[in-house]
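User: I would like to go through the ligand site of this model step by step. Please show the sequence and structure before we start.

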Amino acid sequence: MAEPRETPEPDRPELGDLDPEAFRLHGHRVIDWIADYLEGLEDRPVREPTEPGETAAKVPDRPPADPEPMEAILDDLDRVVVPGMTHWAHPRFLAWFASSGSAPGVFAEALSAAFNVNGMTWLAAPAANELEEVAVDWLRQMVGLPEVFWGIVNEGASLNSVLGLAAAREAAGVEVRERGLAGREDLPRLVVYASEHAHSSIDKAAITLGFGTEGLRKIPVDDAFRMIPDALEEAIAEDKSAGRIPVCAVGTVGTTSTTSIDPIEEIAPICEREGIWLHVDAAYGGAAAVVPERRDVLAGCEQADSVIVNPHKWLFVPIDLSVLFTRRPGVLRHAFSLVPEYLRDARGETVENRMDYGITLGRRFRALKLWFVIRAFGAAGLADRVRDHLDLAGELAGWIDAHPRFERLAPTPLSVVCFRAVPPELEGDRAALNDYNERLLEAIDADGEFFLTHTRIEGRFAIRVAVNGLRTRAPHVREAWRAIRETERGIAG
Ligand code: PLP
């Protein structure tokens with residue numbers, strides 16, 4: 001047999017990656033570009049004036065056959081990408097929940113891509129798995145959940161709710177893992193309960209897991225948009241007497257519309273009595289518990305079976321990173337663990353393989369950014385930032401309450417303010433007020449100085465200001481209030 005030939009060979013091109021010198025050169029340029037981008041954000045509109053199709057039209061619809069120089073690719077950040085962007089990192093981005101990354105998170109994302117490990121098993125990425133365990137446990141301590149809670153990082157709260165509800169289904173003992181749902185005459189309808197204000201991801205989890213939209217009962221809320229525990233209890237009793245099987249109650253800490261906080265302390269004993277799983281979606285609101293004097297937001301969650309906190313929503317970890325905590329990891333594991341031969345590890349139970357706790361096999365090294373962000377800001381630094389947001393939202397709520405032409409449409413327990421303009425001439429005319437506020441929001445957003453979004457609360461169109469971006473500080477909130485008032489005066493004519 002011939003000896004392997006020496007390379008390179010004249011007839012075989014150089015393959016592989018950029019060479020290290022090119023990497024260094026362009027890498028420096030990328031870091032400089034990011035620094036300039038973040039530094040210059042205040043001078044840009046929050047939402048670039050782009051129309052559907054505009055970005056795609058700037059690039060060829062066929063892939064380049066030949067290599068393009070990195071210089072040309074990076075030049076297109078300014079020519080193609082930025083003009084089509086809604087800048088979530090912008091300090092005047094006050095829309096939805098204003099998820100924002102941070103410099104330590106940016107560094108970690110780049111490093112995670114460089115390692116490019118697949119953390120499916122301990123062996124595949126020992127450091128990634130162990131640091132995930134550590135960083136998640138730090139977060140547990142920071143939000144004040146008891147030590148019995150174990151946690152795992154996934155991409156988002158939507159997936160984590162699917163996992164939480166799948167564990168609930170497993171705990172119900174109806175053998176869905178083995179026997180499935182279809183074609184089973186022995187199995188009555190399984191029921192999940194959530195408030196009318198729960199996030200649509202709970203509906204999607206119910207659809208995904210075979211509860212169906214008819215298996216998700218929406219429980220009414222009180223006048224602060226919190227689930228009414230008595231109504232939950234009644235619904236469970238009704239379902240049981242009709243032969244249905246209650247499986248899980250979902251409480252929300254920080255609902256998407258108004259940030260209302262379900263009374264978990266009252267819901268937990270009901271779940272305990274009924275023997276059903278309690279899943280808490282604290283995707284946004286859980287972050288407030290890093291502020292020691294606001295630990296109360298998670299009151300009762302120590303009794304929950306699973307709790308979601310999304311550091312990518314309000315703890316300055318770049319999208320995507322959501323943590324699912326559970327006090328019953330064995331149940332989650334039983335729902336999903338399945339080890340093909342090629343992933344078997346002789347270490348057996350002595351190591352934890354995170355593929356056993358969910359649907360996806362592959363998992364990227366997300367925890368690096370959580371670890372970096374917690375270290376770079378410290379628990380106290382994160383608490384100070386979140387506290388500042390809570391204070392600023394409280395101030396804005398006060399200004400709105402004191403103004404005769406505006407009213408709040410919901411309490412402000414966290415850092416989102418829901419309000420509308422109420423010009424006296426439209427008083428009592430719901431349709432006209434909705435139309436007026438829709439026009440007001442459009443006008444506020446029109447010039448790109450600020451970006452606010454809306455919700456509808458009991459049929460009333462509400463403008464939402466979300467104060468949870470890392471770079472959003474007091475002057476931005478003051479300026480937003482000025483812009484809101486001036487714009488309202490403008491449209492009032
Ligand atoms: N839960 C709540 C309360 C939310 O507000 C959202 C999104 O805003 C989600 C869940 C879904 O989060 P994710 O985008 O991480 O799936």
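**Ligand site and a helix residue**

Analyst: In this predicted model, an oxygen atom of the ligand lies 2.8 Å from a backbone N or O atom of alanine 157.

User: How much of the ligand does the protein bury?

Analyst: The ligand taken alone exposes 390 Å². Of that area, the protein buries 83%.

User: Which elements give two or more residues to the shell around the ligand?

Analyst: The ligand sits in the second largest pocket. By class, its shell has three nonpolar, eight polar and two charged residues. Those giving two or more residues to this shell are helix 5 (157-171) and helix 10 (311-314).

User: Is isoleucine 270 buried or exposed?

Analyst: Isoleucine 270 belongs to helix 9, residues 264-274. Buried means under 20% relative accessible area. Because its relative accessible area is 3%, isoleucine 270 is buried.

User: How many Å apart in space are isoleucine 270 and proline 311?

Analyst: In sequence, isoleucine 270 and proline 311 are 41 residues apart. In space, their C-alpha to C-alpha distance is 29 Å.

Notes: Residues are numbered from 1 along each chain as its sequence is written. This is a predicted model: local features need pLDDT of at least 70, side-chain atom pairs count only at pLDDT 80 or more; totals for chains, interfaces and linings use all residues. Side-chain values use heavy atoms; hydrogens and water are left out. A polar contact is a pair of N or O atoms within 3.5 Å; within protein, one must be able to donate a hydrogen and the other to accept it, and residues adjacent in sequence count only if both atoms are side-chain atoms. Accessible areas come from the Shrake-Rupley method with a 1.4 Å probe; for residues, only the protein chains shown count as cover. On a 1 Å grid over the protein atoms alone, a cavity is a set of points where a 1.4 Å probe fits but cannot get out, and a pocket is an open set with protein on both sides within 12 Å along at least five of seven lines; lining residues have an atom within 4 Å of a point. A molecule sits in a cavity or pocket if more than half of its atoms lie within 2 Å of its grid points. Helices (H or I, at least four residues) and strands (E, at least two) are DSSP runs, numbered from the N terminus. Ala, Val, Leu, Ile, Met, Phe, Trp, Tyr, Cys and Pro count as nonpolar, Asp, Glu, Lys and Arg as charged, and the others, Gly among them, as polar. Buried means under 20% relative accessible area, exposed over 50%, partly exposed in between (1.4 Å probe, protein chains only).
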